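Here are my notes for someone opening this one for the first time. Have a look at the model, then read the points in any order you like.

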Amino acid sequence: MTGNEIRTRFLEHFASREHLVLPSAPLVPQGDPSTLFISAGMQPLKPYYLGLSQPPAPRLASCQKCLRTGDIDEVGKTDRHHTFFEMLGNFAPTGDYFKETAIPLAWELVTQRFSMPVDRLRVTIHPSDDQAHEIWMREPGMSAKHITRLEDNWWGLGEGPCGPDSEIWWDRGRDAGCGQEDCVPDHCDRFTEFWNLVFPQYDQRGPIAGTSGEAVRRGLEDGSLVPLKRPAIDTGMGLERISYILQGKTNVFETDLFEPVINRIRGLSGKQSEFSERIVADHVRAACFVMLDGVTPSNEGRGYVLRRLIRRATLHAERLAMRSDVGQLVDDVVTVMSVPYPELIGQKDRIQAGINQEAARFQRTLNAGMERFERIVARHPKVISGADAFLLHDTFGFPIDLTRELAAERGLQVDEEGFRAAMAAQKQRSRREVPKGWLTVKEFPKSEFTGYGELATQTSILAIRKDGQPADRAAEGEEVEVFLERTPFYAESGGQIGDTGTISTESGRMRVEDTQKPADDVIAHLGSVVTGELRVGEPATAAVDAGRRRQIARHHSATHLLHKALRETLGDHVQQKGSWVGPDHTTFDIPLNRAVTDDELKRINRRMEDKIREALPFHESHKPYKEAVAEGAMHLFDEKYGDVVRVVCFGDWTCELCGGTHVANTADIGPAVIVSESSIGSGLRRIDMVVGEAADGLIWRERKLLAELARSFNAAPDQLPERLESLRSQLKEAERRLKTLAEQLRTARVKGQGGNGLAVKSGKVPFVTETVEASSEEELAAYADRYLEMVKSGVVTVVAGDKFVIKVSKDLTPEYDAARLAALLGKGGGRPQLARGTLTMPAAEAFQRLEEALGAGAK
């Protein structure tokens, strides 16, 4: 079962049980300034759980893109650690159902849709959760000995919602763990947890003495734990982890979600290191999705996380002696991931160029780091201090294992304890995890938004937060959230990303890298102090990056024209289902169960351009919601609006309810180009578009590319399609002839060996073991076919590089199984008559094993 099939089965299972399937939210959180990236499936749904907004349906399900880099140094060392992952989950944020429904839904999926054997499944619950135990015992095939009570099965963030959880585990077999017959989950590596069902059923109003069953009982008695009136459901299953279980692999990197990328790395590398291969594959994959959401490498915030991913990938590509830029692997990531995320296709070139540019920059830094390392060694010839090791890590991107390796080559020690202390101090400074204070977000100071009429505002600082806690001041280099009395900064909402810019006072200046809206009228300015310090109460000047805002406004206004043109062309049933508006491009999602044709896209684009040239004036008004809708203003049915709404119109052609920023008239949009149209899920299509300066750049690049192609093929641009079709036909004919010649050559070689005494060995059955030259598994299998034709009845094993194919003649398959024989040689599998795989030993040793096995009559 492929990763795509697993994802689809999960979502279809819950869709058939009255759950609304949501598309993945961006990796960059919207309206939540407390964290850099989405790291859990329920995180984008947090406002629904906290009662800040109403969910679009009482039952939800999603496959959410997530990124966790807290344990980035563990990637490659274990079978399960990776940074980017997809979290499958089902949710009931308003209490539509609880354990009595969540547990049977989960059990039905794993035992029926995933066909996982009941005897290899285990369940853990909290010691206090007798209700969950009772429900589990009612499920088919469940027994008391397969349910374990663990104190760790408790979820909570301190004060606020909390409760027990229940985990489902996979038994990998006694050999994978401690070997004890009575081993239980969480004891050793024998069991893998793959699905966590969280039951937030209490409100924690005071400290409790741990998470034991007794502590929970006392908490309920003394009032520090109060049962919620509407307990909720939140579950999470990592797609990569369930994939390696269902695909019969030993780790996530062997699944079809990773293996094609790792195979490409091996093909490009001059050295072998499973550790480095995993890091390169994981980090390039993660970088692709971070850049897809508009993040670029920098020294702060999200950009720093991206920079670290690319630089670690580059470093380990260097250690593998890769013969190309790491950016080449973007092609393989897109091939693997473009089915669920087709938007990767349109952004592939941009992502590839960004990764290669950062990798090249790091190569220069790496050289400088080696120079610094040599100076450190000259100054401290016996021990590299923790501070110096941290400097190499933080400034030059040297992971501690590289410093340790370089030091060992020179007979030096590294003060790793001092390094870990410096790392811990940095993490404490930079940690931006979900703080308890988010639960009291309604208490944040409110701001007056002035950004519709001006891009610079005189204001004052109302509050500062550092590391999630209130502060009176912030010094140079510190990352902060700042709240102003008045601000021109637009906070991310309605699909439009937040503004960037500066906040300046007499004592300091802050670079604003993002603006978020954690609650109504609350505007959080996220960034770092670049000079001096900021203090609460100080007068300040807030200034938006005008060029960036101008491009965002162009793209936002263009989405209104696109929406109207879509409805005119495809019908009034087409309603906006989502959008993303940034300075470089915009995406627009619509419900449609078919692709938009090229002719329709052409008409839609032309209609937009007509309205841009008409220079339709922008005008806005504020009206009661019902009045605006009655007058025909377009709106989103699943959006929550206030009693009075802002109506944005361009001329009398299009009017929408909108809080975003726009151009003064449509002529200011400039050129508009629909770049792509693709599926993003069942019944959903996404249109990607660029306008203004971004469109100018695209048009220039594509004209330049077309001219270069025309010169390369010695043809006029309008003759290129005909020229390419002719070359394609010639290539197909050449491939057909090459295939015929290759088959003739294989037959000649095998027959030649037969004439010279083909080495058919004798055991219980005749068998052949040969090493050949083959460029693909198909060619290797073809060699096996030819040899088997010569042997007639027997077992044939052929090897090329580290790949092997085993074929068993049909008359022997009742006694000899090719798949079982493959297990002797390495990783692989197949059918009784044919098996393929990868050697885990030299070919000579593999042949010896096979000879011993067949000679002994192994079956």
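**Notes on helix packing and a few residues**

1. Start with α7 and α10: P260, V261 and R264 in α7 meet D332, V333 and V336 in α10. By class, the residues of this contact come to four nonpolar, no polar and two charged. Contact here means heavy atoms within 4.5 Å. As for the classes, Ala, Val, Leu, Ile, Met, Phe, Trp, Tyr, Cys and Pro are nonpolar, Asp, Glu, Lys and Arg are charged, and the others, Gly among them, are polar.

2. Before going further, a word on what you're looking at. This is a predicted model, where local features need pLDDT of at least 70 and side-chain atom pairs count only at pLDDT 80 or more, while totals for chains, interfaces and linings use all residues. Residues are numbered from 1 along each chain as its sequence is written, and side-chain values use heavy atoms, with hydrogens and water left out.

3. How do α7 and α10 pack? Helix α7 covers residues 259-268 and helix α10 covers residues 330-337, and they pack at an angle of about 160 degrees with their axes 9 Å apart. That makes α7 roughly antiparallel to α10. The cut-offs: angles under 35 degrees count as roughly parallel, over 145 as roughly antiparallel, 65 to 115 as roughly perpendicular, and the rest as oblique. Axes are lines fitted to C-alpha atoms, for helices over the stretch in contact, and angles run from 0 to 180 degrees between N-to-C directions. The helices themselves (H or I, at least four residues) and the strands (E, at least two) are DSSP runs, numbered from the N terminus.

4. α7 also packs with helix α8 (residues 274-292), at an angle of about 125 degrees and with the axes 9 Å apart. The two are therefore oblique to each other. On the α7 side the contact is made by V261, I262, I265 and R266, and on the α8 side by E277, V280 and A281. Sorted by class, that contact has five nonpolar, no polar and two charged residues.

5. On handedness, the crossing of α7 and α10 is right-handed, and the crossing of α7 and α8 is right-handed too. A crossing is left-handed if the near helix is turned anticlockwise from the far one by less than a right angle, and right-handed if clockwise.

6. Next, find T235 in strand β11 (residues 233-238). Is T235 buried or exposed? At 3% relative accessibility, T235 counts as buried; buried means under 20% relative accessible area, exposed over 50%, and partly exposed in between (1.4 Å probe, protein chains only). Not counting residues up to four places away in sequence, T235 touches L88, G89, N90, F91, W195, N196 and L197. Its side chain makes polar contacts with the side chains of N90 at 2.6 Å and W195 at 3.2 Å. For a polar contact you need a pair of N or O atoms within 3.5 Å; within protein, one must be able to donate a hydrogen and the other to accept it, and residues adjacent in sequence count only if both atoms are side-chain atoms. The C-alpha atoms of T235 and M87 are 9.3 Å apart, though 148 residues separate them along the chain.

7. T487 sits in strand β19 (residues 486-487) and is buried, with a relative accessible area of 0%. Leaving aside neighbours within four places in sequence, T487 is in contact with S447, E448, F449, T450, G451, T457, I523 and H525. The side chains of T487 and H525 are joined by a polar contact of 2.8 Å.

8. Q43 lies between β1 (20-22) and α2 (46-49), where Q43 is buried at 7% relative accessible area. The Q43 side chain reaches the backbone nitrogen of S39 at 2.9 Å.

9. Two backbone angles are worth a look. Most residues other than glycine have a negative phi. S115, in the loop between α3 (99-113) and β4 (121-125), has a positive phi of about 55 degrees and is exposed, with a relative accessible area of 55%. A321, in the loop between α9 (301-319) and α10, has a positive phi near 55 degrees and counts as partly exposed at 30% relative accessibility.
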